[in-house]
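The following paragraphs guide the reader through a single protein chain. Please keep the sequence and the model in view while reading.

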Amino acid sequence: QITTPAAHKRVLEVENTMSVGTIAQEMGLKATDVIKKLMASGVMGNINTVLDFDTISLIAPEFGWEAQN
């Protein structure tokens with residue numbers, strides 16, 4: 001059984017930029033899943049790619065998370 005955090009706990013705190021690997025780790029996901037969503041949005045990247053807050057705020061809701069600066 002997979003458990004997901006309550007909605008108020010699914011907030012990703014972003015300090016201007018974060019790497020794809022860090023984002024995946026904070027959200028409890030595999031980095032490849034985050035990379036797939038990025039590529040579907042037209043952003044090419046790998047696990048070390050640094051993303052800005054605007055890009056993160058577009059990707060996080062796809063996984064049920066909210067990005068806060």
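A residue is called buried if its relative accessible area is under 20%, exposed if it is over 50%, and partly exposed in between (1.4 Å probe, protein chains only). The model is predicted: local features need pLDDT of at least 70 and side-chain atom pairs count only at pLDDT 80 or more, while totals for chains, interfaces and linings use all residues. Residues are numbered from 1 along each chain as its sequence is written, and side-chain values use heavy atoms, with hydrogens and water left out.

The chain contains three helices and four strands. Here helices (H or I, at least four residues) and strands (E, at least two) are DSSP runs, numbered from the N terminus. Along the sequence, these elements follow the pattern β-β-α-α-β-α-β. Of the 69 residues in the chain, 30% are buried.

Helix α2 comprises residues 31-40, and its buried residues are Ala 31, Val 34, Ile 35 and Leu 38. These residues lie on the same side of α2 because they cover an arc of only 100° around the axis, the arc being that of the directions from the helix axis to the C-beta atoms. Lys 36 and Ala 40, on the other side of α2, are exposed. The cover over the buried residues of α2 includes α1 (20-27), β3 (50-52) and α3 (53-59). Just after α2, Gly 42 has a positive phi of about 90°.

Helix α1 has Val 20, Ile 23, Ala 24 and Met 27 as its buried residues. They cover an arc of only 95° around the axis, so they are on the same side of α1. The buried residues of α1 pack against β1, β2, α2, β3 and α3, where contact means heavy atoms within 4.5 Å.

In soluble globular proteins, nonpolar side chains tend to be buried together. A nonpolar core is a set of buried Ala, Val, Leu, Ile, Met, Phe, Trp, Tyr and Cys residues joined through side-chain atoms within 4.5 Å. The largest such core in this chain has 18 residues, and those with the most contacts inside it are Leu 12, Val 14, Ile 23, Val 34 and Ile 56. The elements that give two or more residues to this core are α1, α2 and α3.

Leaving aside residues up to four places away in sequence, Val 14 touches Phe 53, Ile 56, Ala 67, Gln 68 and Asn 69. Gln 68 belongs to strand β4 (residues 66-68) and is partly exposed, with a relative accessible area of 33%. Although Gln 68 and Val 14 are 54 residues apart along the chain, their C-alpha atoms are separated by 5.9 Å. Among contacts between residues at least 6 apart in sequence, 63% join residues at least 24 apart.

Asn 16 is in the loop between β1 (11-13) and β2 (17-19). Most residues other than glycine have a negative phi. Asn 16, which is not a glycine, has a positive phi of about 70°, and its relative accessibility of 56% makes it exposed.
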